[in-house]
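Have the model open and follow along.

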Amino acid sequence: MADLAHDAPVAHHDEHESTGIDNRKLGMWVFLSSEFLFFGALITNYLLYGGRDFESVVPREIYDIPFTSVSSFVLLMSSLTMVLAHDALSRRDQEATRTWLLATAMLGAVFLGGQVFEFYEFITEYGMTLTTNPAASSFYLLTGFHGTHVAVGVLMLLSLVGMSRRQGGLSESQGMNLELVGLYWHFVDIIWIVIFTLVYLLSD
Amino acid sequence: MTTTASRPSATIFRRPAATEGFWSWVTTVDHKRIGIMYGYTAFTFFIIGGVEALLLRIQLAQPNNEFLTAAEYNALFTTHGVTMVFLFVMPVAAAFMNYLLPLMIGARDVAFPRMNALSFWIFLAGGLFLYSVIFFGDVTAPLGVQGVAGNLDPSDQTLLGGLPDGGWFLYQPNAGPSFSPGHAIDFAALGIQILGIASLISAVNFITTIFNMRAKGMRLLRMPVFVWMMLVVAFLLLFSLPIIAIALFMVTFDRSFGTTFFQAASGGDPVLWQHLFWLFGHPEVYILILPAMGIVSEVLPVFSKKPLFGYAAVVFAGAGIGFLGFGVWAHHMFASGITPVAQAAFGLATMTIAVPTGIKIFNWMGTMWGGRLRFTTPMLFSIGFVAMFVIGGLSGVTHSIVPSDWQQTDTYWIVAHFHYVLFGGAIFGIFAGLYYWFPKITGRVMNERLGKAHFWIQFVGFNLTFAPMHWLGLQGMVRRTWKYAPEVNMGPWNLAVTIGAFTIALAVLVFMFNWIWSRRKGEPSGLDPWDARTIEWTIPNPTPEYNFAKSPVVHSLDEFWHMKYTEDEDGRAVRRDDAEETLARLEMEGLNPTEPIHLPAPSYFPAMMALGLPFIGYGIIYHTALWGKGLIVLGALITIAGLLGWGMEPLEEPHEAGHDEPETADAVAEEHD
């Protein structure tokens, strides 16, 4: 029978990557391309219903554009801090990496707080709930799914910070994790730019 | 650089070590074993879906039959469709993909072995969840937004009547809360959602595998056509599944949380559902057929002793089908009142997509033309595929003529058409593949006499079943009808159809007997039972656990063929003098690796993560009850615990940690749920 080693730390089977891109990174890109369709369907859904008239209140009548502009700015800045975290790690500056990761997570959390506040206002001030009409439903479904994505991103950022703190720094391979989280984070950010433009700014 | 602290490796996070028995299968990350599990599970669902079809046919065997109630009939044609599409043809394609794809590109496993296991377990969880409606579909819970709990219609309360009954397409608002009270549709919507997660994960995994794990020299245009077709399928899954995910979320919100996305009475738009469903549903059709096209593109050249005619044309036609497949969805909706411009555009696009399909048909015929044909069982099934698919394709292209389509809509003509492409096409192709690659899995060849009997019985039964549906459809017999009057004179052909259906059942029994018998008593296959062309046959049968003892280097398309054959002055293929020596050498080398081979270690956590999803599903359905909310939390905890364990368990190579897969990608994939 063949000499099979299930645990021995010998070189991995011919581990070349045909494209030269790390498996995990390529996988993340592929996954994100699917996510574009996920949000594409949600945005289309809102574009269909958002402009229609219903007897009850619809989102476009109650947007607080200045407020959402500020929280959008906060989210945009988090992409900058994400890049700074990546840059710090490439200089092997672990302390700065943690700081920028934490800053990114905090900015994401501020954005989420803004979204919670916005939903709260819409529900209590204007009485627009998930079930008020299809326009409201599609608004909550879209922004809710985006918010969920941001929340998952924040958790991933915090777990990177925790990992770094526990081990006194991120290794080479965990640096790849940071890149993956970065890709994901930028994606969530880009999607928000589209949502903010199409759903908030161009909506009437 | 900072030192990397070793990962926590407490005993509970030890990688499992069983190599035999139940736990070795639960924890396996070997793509071959996962493929086998996919195959057997899918075939079990094939039997279930087939029995459902037989029950439908008994009901329709004669006019005014009283075998099934209307509710049972509705439930059975729905579950027949859902089962065959989502629980048989898709997963059986995943079985082929899992088992063969790494072998065909010269890899020892897929890019993300644990995610591969996760796909299978989520698929299994989704299938069981869907059918668990039988047990849990009628649990008493406080009234939700639907205003009804459980099934009100007494005729629904039979065992079969309680199955989902909205058609596999779950058209709204018929499958919405007002017209389909009870929980059956919820099980279908959430079940398909769970199955979608499984398919999405494997799409990501296999695209990465195909792009990144190819052996040296295996350029993209040296890959076997089967690999190419699976690449197209993976992209179709990648781009169409998120759309159906959103659409199903909207259905679940409508049914469970009181939104009115598709409820016309409250300002919703039912046609949006049709757009979203078919924007997924039409690429889905190609997801079902392209794997079979890949299989016959492997089988036909081998038994014609010729290279595939126009390899590049077949590859690009497949990719073309993938692109165009996203642009024809509204031909399912010509009767829904879309504008004339849209009808003209989609009619035209539908004609266009016949072109790449036609290219393939010509290439397959060109492959056989002038070849030295050997009519083995896989060859017969492949030829059957081509012939039946032509008929299905021709009846399909009639749908591009809009006024004609209006007449055909919701008649048996449609039923005949899609069974010719999905049964005559996909399932014939799948059987060709099962006979062809059986030696790869077992080291034995399936019995040829039984195989040929299987083919001919199935071929006759198939045509007896589905050809008369064309005439019934043109005669005006409507789809999904559970009864017809004697005066319409549809009895004789319907009886013929029913006899045909039982003939197919007989053929499948012959196949099952052959499979079981040949596993034990079949002729040993040796290395190369078919005089094959591709590199999965350069390794011993059954495939060793490590696949390739030595990573192959590929020099050309049909690498294995060129190891055995050369050309004479007239350009004819001549077997090399040393071909037998080559085979003997390959066999010997394949069984005796010269260096220790490292394989990805098994893991408990993929199965554990999948286990949580059905609980979340039950919780959403019964969220009005406190225990329902509890189930959501419980399911989420199981899945998150699985995810944490996944992240914490030791990787095989501490010094090179993370060549498996990242926790992060899975965390992201998870949140599609």
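Start with helix α6 of chain B, residues 184-212. This helix has 29 residues and reaches 42 Å from its first C-alpha to its last, close to the 42 Å expected at 1.5 Å a residue (that is, 1.5 Å times one less than the number of residues). 29 of the 29 residues of α6(B) are buried, so the helix is largely enclosed by the rest of the structure; buried means under 20% relative accessible area with a 1.4 Å probe, protein chains only. Helices here are DSSP runs of H or I, at least four residues, and strands are E runs of at least two, numbered from the N terminus.

Bear in mind that this is a predicted model, so local features need pLDDT of at least 70 and side-chain atom pairs 80 or more, while totals for chains, interfaces and linings use all residues. Residues are numbered from 1 along each chain as written, chains are lettered from A and ligands numbered from 1 in written order, and side-chain values use heavy atoms, without hydrogens or water.

Now go to B:I620, in helix α18 (residues 605-621) of chain B. Leaving out residues up to four places away in sequence, B:I620 touches B:L190, B:T252, B:S256, B:F257 and B:I632, contact meaning heavy atoms within 4.5 Å. B:S256 is 364 residues away along the chain, yet the two C-alpha atoms are separated by 7.6 Å.

What about chain A? Its mean pLDDT (the predictor's confidence in each residue, from 0 to 100) is 90, but pLDDT stays under 50 over residues 1-14 of chain A. Where pLDDT is low, the predicted coordinates should not be read in detail.

Definitions and conventions: Buried means under 20% relative accessible area, exposed over 50%, partly exposed in between (1.4 Å probe, protein chains only).
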